[in-house]
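The following questions and answers walk through one protein model, moving from its overall make-up to single residues. Please keep the sequence and the structure in view while reading.

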Amino acid sequence: MQRVAIVGSGHLAHALWEGWHLNPLPSRTFSLIVRSDAHRHLWDDAVWNTVVYDPSAVKGHDVVVIAVNPKDAATTLTQLHPHLEDAMVISPIAGWSIAKLRAHGISGPLVRIMPNVCAAIGASTTLATFDGCDSAQQEALEALIGECGPVTVVEESLMDPYTALVGSGPAYIFLLLEALIASGERLGADAGRTRQLVSSMVEGAARLARHRSNEPLSTWIEQVASPGGTTEALLAVLNQAKWPHLIQDAIVAASLRAQELGAKT
Ligand SMILES: NC(=O)c1ccc[n+]([C@@H]2O[C@H](COP(=O)([O-])OP(=O)(O)OC[C@H]3O[C@@H](n4cnc5c(N)ncnc54)[C@H](OP(=O)(O)O)[C@@H]3O)[C@@H](O)[C@H]2O)c1
C-alpha cells in the first residue's frame, strides 16, 4: 500500500489529484491536508468531506506532496517537518531550491518538480530533480509523478527557466487560444467550434515540431507562408509588433520571478 498526502487544496493540488485518479491504483490511498475552505469550490463534496485540517496528519504517509505557494512554504514546512518521518517529499514550490527545502527541515528523500495544470488529464510536462533518493525511491516517485504526464529528470539549475517555460507555459498557450477564438468570433465563427478547431490545430503543430525535431522551425514557417499569401499577412502584423521578442521578454520575466520567490521567502 502506498499512502500519499497532498498538502494544499489549490489549483495544482487539484490538477495532480485529478491526474492520479484517472486510473486509480487499489494499492494507493490519498489524504488531503488543507488549511481552510478557501479552495473548497474546486473539489466535489465527496472528496471535501474527507479532508483533514491538521498538519500532523502527514504522519504515517509514504509520500507527501507540498502544494503550497512560496509565500506559505516556510510556515508550512515548520508545521510539517516534525511529522514527516521517513516520507518521500515532492515539492512543486516555484523558486524553492533543494538546499532551501533542506534548510527548512526536509531531511528525507526529496524530489523537486515543475509540473503544470495539464496534470489533470495526465498531460503535464514535468521536470524533476531528485535528491537523497535511492533507486527504488526514485523509481516509485517517477512512477507516481509520471501518472500525471511525461517526466524529464533535469539538473536543478534548469528549474527556474523551465518554471517559466513549462510550469507557467499553459497560461500563455491558453491566452493564445483565447485570442484565436476571439478573432474567430470577430470574423463570424462560432466560439465553441473554433475552440475545438484551434485547440486541435495547436496540438497538431506541437506534435509536428516534436516529431520532426531535426528540421528547423523556420522551415515549417516557410512551408505555411507562401509568398503573398494569408500567412504572410499574419506574420507581418506579428513581427511588426515584435511578438517573438515579447514572448522571450515574458519568459525571462517569469524566470526572474521564480528566482525572486526562492530568494525572498
Ligand atoms: N498552478 C500551477 O499551474 C503550478 C504549476 C507548477 C507549480 N506550481 C506550484 O505549486 C504551488 C501551489 O500553486 P497553486 O497554483 O496550486 O496555488 P493556490 O491555488 O494558491 O493553492 C495553494 C494552496 O496551499 C494551501 N496552503 C497554504 N499553506 C498551507 C498549509 N500550511 N497547510 C495546508 N495548505 C496550505 C492554500 O490554502 P487556502 O486554501 O487556505 O488558501 C491553498 O489551498 C506553488 O508553489 C506553485 O509555485 C503551480
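Q: How many helices and strands does the secondary structure of the chain come to?
A: The model discussed here is a predicted one. Its chain has 265 residues, of which 29% count as buried, and its C-alpha atoms fill a box of roughly 65 × 40 × 35 Å along the principal axes. The secondary structure of this chain comes to 11 helices and 7 strands.

Q: By class, which residues make up the side of domain 1 that touches domain 2?
A: Contact between the two domains involves 9 residues of domain 1 and 6 residues of domain 2. Sorted by class, the side belonging to domain 1 has 5 nonpolar, 3 polar and 1 charged residues.

Q: Which element gives the most residues to the shell around the ligand?
A: There are 30 residues around the ligand, and those that come nearest are Gly8, Gly10, Leu12, Ser36 and Ala94. The elements that give two or more residues to this shell are helix H1, residues 11–20, and helix H3. With 5 residues, the element that gives the most is H3.

Q: How do the residues of the shell around the ligand divide into nonpolar, polar and charged?
A: The shell in question consists of the 30 residues around the ligand. By class, these residues divide into 16 nonpolar, 12 polar and 2 charged.

Q: Why do the buried residues of H3 line one face of the helix?
A: In helix H3, which spans residues 70–80, the buried residues are Ala73, Thr76, Leu77 and Leu80. An α-helix has 3.6 residues a turn, so residues three or four places apart point the same way. Seen down the axis of H3, the buried residues therefore line one face, because they fall within an arc of 100°.

Q: Which exposed residues are carried by the face of H3 turned away from its buried side?
A: The buried side of H3 is covered by elements that include strand E1, residues 2–7, and strand E3, residues 63–66. On the face turned away from that side, the exposed residues are Lys71 and Thr78.

Q: Is Ala73 buried or exposed?
A: Ala73 has its place in helix H3, and its C-alpha atom is separated by 8.7 Å from that of Trp96, a residue 23 positions away along the chain. A residue needs 20 or more other C-beta atoms within 10 Å to be called buried. Because Ala73 has 22 such atoms within 10 Å, this residue is buried.

Q: Which residue in E7 is the bridge partner of Leu127?
A: Strand E5, residues 110–114, and strand E6, residues 126–131, pair in the antiparallel sense over 5 bridges, and the partner of Met114 in E6 is Leu127. E6 also pairs with strand E7, residues 151–153, in the parallel sense over 3 bridges. In E7, the bridge partner of Leu127 is Thr152.

Q: Which residue in E5 is the bridge partner of Val89?
A: Strand E4, residues 88–91, runs parallel to E5 and is joined to E5 by 3 bridges. In E5, 5 of 5 residues are buried, with Leu110, Arg112 and Met114 on one side and Val111 and Ile113 on the other. The E5 residue that is the bridge partner of Val89 is Leu110.

Q: Does Glu85 count as buried or exposed?
A: Glu85 sits in the loop between H3 and E4, where this residue has a positive phi of about 50° although it is not a glycine. Because Glu85 has 12 C-beta neighbours inside 10 Å, it counts as exposed.

Q: What is the phi of Lys242, which is not a glycine?
A: Lys242 lies in the loop between helix H10, residues 230–240, and helix H11, residues 243–264. With 11 other C-beta atoms within 10 Å, Lys242 is exposed. Its phi is positive, at about 55°.

Key:
Residues are numbered from 1 along each chain as its sequence is written. This is a predicted model: local features need pLDDT of at least 70, side-chain atom pairs count only at pLDDT 80 or more; totals for chains, interfaces and linings use all residues. Helices (H or I, at least four residues) and strands (E, at least two) are DSSP runs, numbered from the N terminus. The arc is that of the directions from the helix axis to the C-beta atoms. Two residues are in contact if their C-beta atoms, placed from the backbone, lie within 7 Å. Ala, Val, Leu, Ile, Met, Phe, Trp, Tyr, Cys and Pro count as nonpolar, Asp, Glu, Lys and Arg as charged, and the others, Gly among them, as polar. A residue is near a molecule or strand if its C-beta atom, placed from the backbone, lies within 6 Å of it. Two strands pair if DSSP finds at least two bridges between them.
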